[in-house]
Amino acid sequence: MKVTVVGAGAVGASCAEYIAMKNFCSEVVLVDIKEGFAEGKAMDLMQTASLNGFDTKITGTTGDYSKTAGSHVAVITSGIPRKPGMTREELIGINAGIVKDVTANLVKHSPEVIIIVVSNPMDTMAYLVHKTSGLPKHKIIGMGGALDSARFKYRLAEALESPISDVDGMVIAAHSDTGMLPLLSKATRNGVPVTEFLSDEQQKYVIEETKVGGATLTKLLGTSAWYAPGAAVSVMVQAIACDQKKMIPCSLMLEGEYGQNDICLGVPAIIGANGVESIVNVTLTAEEQLKFAEAANAVREVNGDLKF
Ligand SMILES: O=C(O)C[C@H](O)C(=O)O
């Protein structure tokens, strides 16, 4: 299987690294507009192959999309990351044009491609890809829920003082500081609801820290995070490559599901060889339903700034 990763910055390189190291793809093509940058990252990563024990071939190109031809999956990480104090939504002005161009180039050379959107504001960028690519909706997947859920589990394990492997949980709705919806009501430690172990104060802490997970890292790093985003993408690509039918929250075009239409928002889905195999309908509490609807309203407002 051939996978293209557009954008060879920290997030794109991290995606390529984790995908290669897991050794389930034959080829990863890195694309960047900066002269020689993707080629350099690809060469550096290839020189880890004998050390890290993988056979995936990684190549790089400066904007030559003919090299991406025949990609089964493409990951769009292009655009600018936010700086401390910014919201993801503020990136729309620059990133929308970039994501639109990248999408057109990818589809031109790989008409059957499945696209994973990482660029921010992610839910709106996924919507843009739906509106401009001509691809069927099961082939466009926004990466947010896998990452946000990993951050949720990190915060849960911290509060529970437990190993992360004891913890399960999921974040749905928007990939934004205010619109994330960590489903605390469904989170468990070895099957036992975490609400049985955590005080109200701890529960509130976990939810709030999860929602600003990306912003916290941006403040610490001076730019946005890359390890967990790369790892989250690699899990999604592996689910497709190996037809795992794994349940992963992803930003998907909704047509009535969760009471929403014509919007990309994070919902649990079965991810396999076809991309989105199905959307999973989970029963939400009345409060969660309200929060989901509020997140949808906010994303819809940002979508309104798009020009097709
Ligand atoms: O936080 C960001 O701006 C980048 C990314 O969406 C993340 O959550 O790490």
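A residue is called buried when its relative accessible area is under 20%. This report applies that term to a predicted model.

**Helix H5**

Helix H5 covers residues 122–133. The buried residues are Met 122, Asp 123, Thr 124, Met 125, Ala 126, Tyr 127, Leu 128, Val 129, His 130 and Ser 133. Just after the helix, Gly 134 adopts a positive phi of about 80 degrees.

**A nonpolar surface patch**

On the surface, a nonpolar patch is formed by Ile 80, Ile 94 and Ile 98, which together have about 230 Å² of accessible area. Ile 80 lies in the loop between strand S4 (73–76) and helix H4 (92–109). Its relative accessible area is 38%, so Ile 80 counts as partly exposed.

**Cysteines**

A disulfide requires a pair of cysteine sulfur atoms within 2.5 Å. By this rule, the count of disulfides is zero.

| Cysteine | Closest cysteine sulfur | Distance between sulfurs |
|---|---|---|
| Cys 242 | Cys 25 | 7.6 Å |
| Cys 264 | Cys 250 | 11 Å |

For Cys 242, the distance of 7.6 Å is too far for a bond. The 11 Å found for Cys 264 is likewise too far for a bond.

Notes:
Residues are numbered from 1 along each chain as its sequence is written. This is a predicted model: local features need pLDDT of at least 70, side-chain atom pairs count only at pLDDT 80 or more; totals for chains, interfaces and linings use all residues. Side-chain values use heavy atoms; hydrogens and water are left out. Helices (H or I, at least four residues) and strands (E, at least two) are DSSP runs, numbered from the N terminus. The expected span of a helix is 1.5 Å times one less than its number of residues. Buried means under 20% relative accessible area, exposed over 50%, partly exposed in between (1.4 Å probe, protein chains only). Patches are made of residues with over 30% relative accessible area and no salt bridge: like charges are joined within 9 Å, nonpolar side chains (Val, Leu, Ile, Met, Phe, Trp, Tyr) within 5 Å. Accessible areas come from the Shrake-Rupley method with a 1.4 Å probe; for residues, only the protein chains shown count as cover. A salt bridge is a side-chain nitrogen of Lys or Arg within 4 Å of a carboxyl oxygen of Asp or Glu.
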